[in-house]
Amino acid sequence: MQTFSKISVLACSMAAGQVLATVTQGISDNIYNRLVEMATISQAAYANLCNIPATITTVEKIYNPQTDINGWVLRDDSRQEIITVFRGTGSDTNLQLDTNYTLAPFDTLPECVGCEVHGGYYLGWVSVQDQVESLVQQQASKYPEYALTVTGHSLGASMAAITAAQLSATYNQVSLYTFGEPRTGNQAYASYMNEGFEAASPTTTRFFRITHSNDGIPNLPPAEQGYVHSGVEYWSVDPVSPENTNVCTGDEVQCCEAQGGQGVNDAHVTYFGMSSGACTW
């Protein structure tokens, strides 16, 4: 049984529909180790999957030269899990996607009524959608008992979130782990994700949105432009440990966003002591 030591309850308006914001300190070793494992895969995606766990098999690469979206479908037979991972920003082409803040209708997922997502990342998703869905379907058909997991860091985190949303319309029990995720969509999208991934509580959630210290990327794009975060935030502070990982829930700005970080800073490029693409861990 997972236990948390509550360190604060943040006061907020009790207007209709608003959820009391809470921060709890400390997570179980099992969850912490899982977050570190997903961080390892996400950071390794910057360097062709260096140093990923030995139990993981690379199935096939995902790539589109026009958008420079890079990803992989992996399989971990020891966990009975199919993993899709996306690389974060690695080129000027990616930067053009990063800075396209125009909200775009999530047309590939009509089940998400009224949903709009980051325009640049939606272009990225459409550019690789056929590859992703084909590869996942091939693996899921061959290994129907395997779980589906999607992960990524930064740009790769938003790509992972959009992908997980799309896959959840076809497959049950998709899990999502994002690291340094920008705000990915509007309120309708956030509500769809929170409901579909059971993110009302850390005891049920399948959407783990991991942040670090004062990482500035989760503060982008600006909320004033209609963007809203979703998932349950797991905020890691230094020195990294299960005890220094906080669980943040509710509607108020808190935890990582409240630290005022701006853009790509030291906290953004390092998660759980691992730097993007460094492969020295």
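1. Arg34 is buried, with a relative accessible area of 13%; buried here means under 20% relative accessible area, exposed over 50% and partly exposed in between, with a 1.4 Å probe and protein chains only. Because Glu81 belongs to strand E5 and Arg34 to helix H1 (residues 29-44), the pair ties together parts that are 47 residues apart in sequence. Helices (H or I, at least four residues) and strands (E, at least two) are DSSP runs, numbered from the N terminus.

2. The coordinates are a predicted model, in which local features need pLDDT of at least 70 and side-chain atom pairs count only at pLDDT 80 or more, whereas totals for chains, interfaces and linings use all residues. Residues are numbered from 1 along each chain as its sequence is written, and side-chain values use heavy atoms, with hydrogens and water left out.

3. The pLDDT, the predictor's confidence in each residue on a scale from 0 to 100, has a mean of 92 over the chain, and 92% of the residues reach 70 or more. Residues 1-18 have pLDDT below 50, yet this stretch has 37 contacts in the model beyond near neighbours in sequence; contact means heavy atoms within 4.5 Å. Where pLDDT is low, the predicted coordinates should not be read in detail.

4. How many salt bridges are there by this rule? The count comes to 8. Arg34, Glu37, Arg79 and Glu81 are linked in a network of such bridges.

5. Glu257 and Arg183 form another salt bridge, with the closest N and O atoms 2.6 Å apart. Glu257 lies in helix H6 (residues 255-258) and Arg183 in the loop between E9 and H5, so this pair ties together parts that are 74 residues apart in sequence. Both residues are buried.

6. Arg206 and Glu198 form a salt bridge with a closest N to O distance of 3.3 Å. Arg206 counts as buried at 13% relative accessibility, whereas Glu198 is partly exposed, with a relative accessible area of 37%.

7. The largest nonpolar core has 39 residues, and those with the most contacts inside it are Phe106 and Leu176. Such a core is a set of buried Ala, Val, Leu, Ile, Met, Phe, Trp, Tyr and Cys residues joined through side-chain atoms within 4.5 Å. Among the elements that each supply at least two residues of this core are strand E4 (69-76), helix H3 (119-142), strand E8 (147-153) and helix H4 (155-168). A second, separate core of 29 residues includes Tyr32, Ile41, Leu49 and Tyr271.

8. Leaving aside neighbours within four places in sequence, Leu176 is in contact with several residues, including Val150, Ala160, Met193, Phe197 and Phe208. Arg206 is also one of the contacts of Leu176.

9. What distance separates the end C-alpha atoms of H3, and what span should its 24 residues have? The ends are 34 Å apart, which agrees with the 34 Å that the 24 residues should span at 1.5 Å a residue; the expected span is 1.5 Å times one less than the number of residues.

10. Asn186 lies in the loop between E9 and H5 and counts as buried at 10% relative accessibility. Beyond its neighbours within four places in sequence, Asn186 is in contact with Leu103, Gly114, Cys115, Glu116, Gly226 and Val228.

11. Most residues other than glycine have a negative phi, and most peptide bonds are trans. The peptide bond from Leu220 to Pro221 is cis, with omega near -20°, and Pro221 is placed in the loop between strand E10 (207-212) and strand E11 (232-236). The bond from Asp238 to Pro239 is cis, with omega near -5°; Pro239 is in the loop between E11 and strand E12 (245-249).

12. Asn51 has a positive phi of about 60° although it is not a glycine. This residue is in the loop between H1 and strand E3 (56-64) and counts as partly exposed at 40% relative accessibility. Gln173, in the loop between H4 and E9, has a positive phi of about 60° and is not a glycine.

Key
Salt bridge = Lys/Arg side-chain N within 4 Å of Asp/Glu carboxyl O.
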